[in-house]
2 protein chains.
Amino acid sequence: MGVQEVQACLDSAHQRCSESGLRLTQKREQILRLMLEAEAPLSPYEVVDLYNAQAEQSMPPNSAYRILDFLAEANLVHKLNSANKYIACSHIACSHPHSASQFLICSQCKTVKEVMMEPKLLKEIQKNVSSAGFKMRHPSVELECLCGDCSES
Amino acid sequence: MGVQEVQACLDSAHQRCSESGLRLTQKREQILRLMLEAEAPLSPYEVVDLYNAQAEQSMPPNSAYRILDFLAEANLVHKLNSANKYIACSHIACSHPHSASQFLICSQCKTVKEVMMEPKLLKEIQKNVSSAGFKMRHPSVELECLCGDCSES
DNA sequence: TTTTAAATGATATGTTATATCATTGCATAT
DNA sequence: ATATGCAATGATATAACATATCATTTAAAA
């Protein structure tokens, strides 16, 4: 993601936060930028290491955990539960609303691709949930895959 | 799950293992029984505690990890990645083959319900994967839900 | 029985996550 | 501007989780 795209995401993030009364503080913005630039899933400790290396400051682990949680709550990053890592949402700067995500995670090189689920597909999943008497809270699907490159070799 | 059902699962598990050349040892069977009786997701350390309490023996954590991995490989238990816990497969004693599972996890009381996905639904998910140039390895869908009881209160 | 490989145990240690309390910084009202 | 109060962050310690290494046991096969 290029510099100007990152900036567009940050601008959009600021706008969305202020609209919903959330505070995108300096630290939070720094972490978000770092996530956008990384374009790969990062664990809180990896974020700490990256931050400390770049900023020549010292962020304690608990701050990283808190900030990543905040960004996930604000839907600016997604939490990949299967890996306990976070990745920047690839649609921050999109204006149009988007359906739930399907995360394709390469088990070998750990690349992650976020693709949208068609509303129809989501509805079918939802249907299974309802007929079991459950209510869906957070539709997110993480799939163990091989990416194109890794499946060739 | 009643005693006789548990026994049916264990019998079925023994049969399936010997058919595929896997060794369902005494320890592994003990852990599987424990999982079947629990009917709830358990972490390796929870398994250790339960085992040590019941058996008055001492199983080290690494053994629990290994045994749970084995049982998951053998498809006798499922690994819930989002919680890093394991739960006994609810279809061990079924003779008919079954499609991929959809796990409904109650965020409040942690109840887990394992429902089957219709092959059609699985195919649609698969289609998204393919068109992104990925290959699916392990189709498992874990959904953050509220169960019937918890959504009432 | 002897041999061999797989399974388990003992132990240590690395990694990840969180709890608690102190401090800082920012928004609001005065 | 300044004071006040709450949210955010930092410092620190420790709990919880996961794995690496090597020794020992167990069970299958020769």
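Student: How many salt bridges does a search of the whole structure find?

Tutor: Over all chains of this predicted model, the search finds six salt bridges.

Student: Why is the contact of B:Glu144 and A:Arg137 called a salt bridge?

Tutor: The N to O distance between their side chains is 3.8 Å, and the cut-off is within 4 Å for an Arg nitrogen and a Glu carboxyl oxygen, so the pair qualifies. This pair crosses between chains, from strand β6 of chain B to strand β5 of chain A.

Student: What makes B:Glu144 and A:Arg137 partly exposed?

Tutor: Partly exposed lies between under 20% (buried) and over 50% (exposed). B:Glu144 has a relative accessible area of 31% and A:Arg137 one of 48%, so both fall in that range.

Student: How do you know that B:Arg137 and A:Glu144 join two chains?

Tutor: Their side chains meet in a salt bridge at 3.8 Å, N to O. B:Arg137 sits in strand β5 of chain B and A:Glu144 in strand β6 of chain A, so the pair joins two chains.

Student: Why does B:Lys85 count as partly exposed and not buried?

Tutor: Buried requires under 20%, and B:Lys85 is at 23% relative accessibility, so B:Lys85 counts as partly exposed.

Notes. Residues are numbered from 1 along each chain as its sequence is written. Chains are lettered from A and ligands numbered from 1 in the order in which they are written. This is a predicted model: local features need pLDDT of at least 70, side-chain atom pairs count only at pLDDT 80 or more; totals for chains, interfaces and linings use all residues. Side-chain values use heavy atoms; hydrogens and water are left out. Helices (H or I, at least four residues) and strands (E, at least two) are DSSP runs, numbered from the N terminus. Buried means under 20% relative accessible area, exposed over 50%, partly exposed in between (1.4 Å probe, protein chains only).
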